[in-house]
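Work through the exercises below with the sequence and the coordinates open. Try each task before reading its solution.

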Amino acid sequence: MSLEKAIESQIQEAMAAGLFDNLPGAGKPLRFDGNENDPNWLGHHILKNAGVLPEWLNLAREIERALERLGGIDDAHRRLCEQAAATGDWNGHRLAILHARQRYETLAREIRRMQDRFNLDAPGIRSERPAIWVEYHLERLDARIPESQRQLFA
């Protein structure tokens, strides 16, 4: 007996026993969520439905959550700089601004490490993602501080 016939026989026996009755989504068309041009999409779809994902996809989720946290730190840093500029009290906001920058740098470097690991583990070049350029973003944060106040933050 061929493998296909053996599988078909098991499916027919399961159907006769009613094992496929009352399954979620019975009688409804399959919903394809994902890139159907990806040769692995069906496998990823099945793993996702089973609550199991390859490590690199779990890492992608982690990266997205970390990027959201990084955006929150960036917003906090911007607000602190705006408050210091509005009040002219850069010295009073100094520690909070430095702390926000340090938190930003620490998380950005961790995200970069995760992105590098993701790009090594991803199944192909099309799955890779551009990594964060940490130094550029730190310069962007530092540029929020006026030149006349930068020696205070050095």
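**Exercise 1.** Are α3 and α4 roughly parallel or roughly antiparallel to each other?

*Solution.* Start with the ground rules. The model is predicted: local features need pLDDT of at least 70, side-chain atom pairs count only at pLDDT 80 or more, and totals for chains, interfaces and linings use all residues. Residues are numbered from 1 along each chain as its sequence is written, and side-chain values use heavy atoms, with hydrogens and water left out.

Step 1: find the elements. Helices are DSSP runs (H or I, at least four residues), numbered from the N terminus. Helix α3 spans 55-87, and helix α4 covers residues 90-121.

Step 2: get the geometry. Axes are lines fitted to C-alpha atoms over the stretch in contact, and angles run from 0 to 180 degrees between N-to-C directions. The axes of α3 and α4 cross at roughly 160° and come within 9 Å.

Step 3: classify. Angles under 35 degrees are roughly parallel, over 145 roughly antiparallel, 65 to 115 roughly perpendicular, and the rest oblique. α3 and α4 are therefore roughly antiparallel.

Step 4: The crossing of α3 and α4 is left-handed: the near helix is turned anticlockwise from the far one by less than a right angle (clockwise would be right-handed).

Step 5: sort the contact residues. Ala, Val, Leu, Ile, Met, Phe, Trp, Tyr, Cys and Pro count as nonpolar, Asp, Glu, Lys and Arg as charged, and the others, Gly among them, as polar. The contact of α3 with α4 has 22 nonpolar, five polar and seven charged residues.

**Exercise 2.** Describe how α4 packs on α5.

*Solution.* Step 1: α5 takes in residues 134-142, and its axis lies 10 Å from that of α4 at an angle of about 165°. That makes α4 roughly antiparallel to α5.

Step 1: the crossing of α4 and α5 is right-handed.

Step 2: list the contact (heavy atoms within 4.5 Å). From α4 come R101, Y104, E105, A108, R109 and R112. From α5 come V134, E135, H137, L138, R140, L141 and D142.

Step 3: sort by class. The contact of α4 with α5 holds five nonpolar, one polar and seven charged residues.

**Exercise 3.** Which residues of the largest nonpolar core touch the most other members?

*Solution.* A nonpolar core is a set of buried Ala, Val, Leu, Ile, Met, Phe, Trp, Tyr and Cys residues joined through side-chain atoms within 4.5 Å. Buried means under 20% relative accessible area, exposed over 50%, and partly exposed in between (1.4 Å probe, protein chains only).

Step 1: The largest core has 18 residues, and L70, Y104, I111 and F118 touch the most other members.

Step 2: assign the sources. α3, α4 and α5 each give two or more residues to this core. The largest share, seven residues, comes from α3.

Step 3: inspect Y104. Beyond its neighbours within four places in sequence, Y104 contacts L70, I73, D74, H137, L138, R140 and L141.

Step 4: look for another core. One of eight residues lies apart, with W90, A100, I145 and F153 among them.
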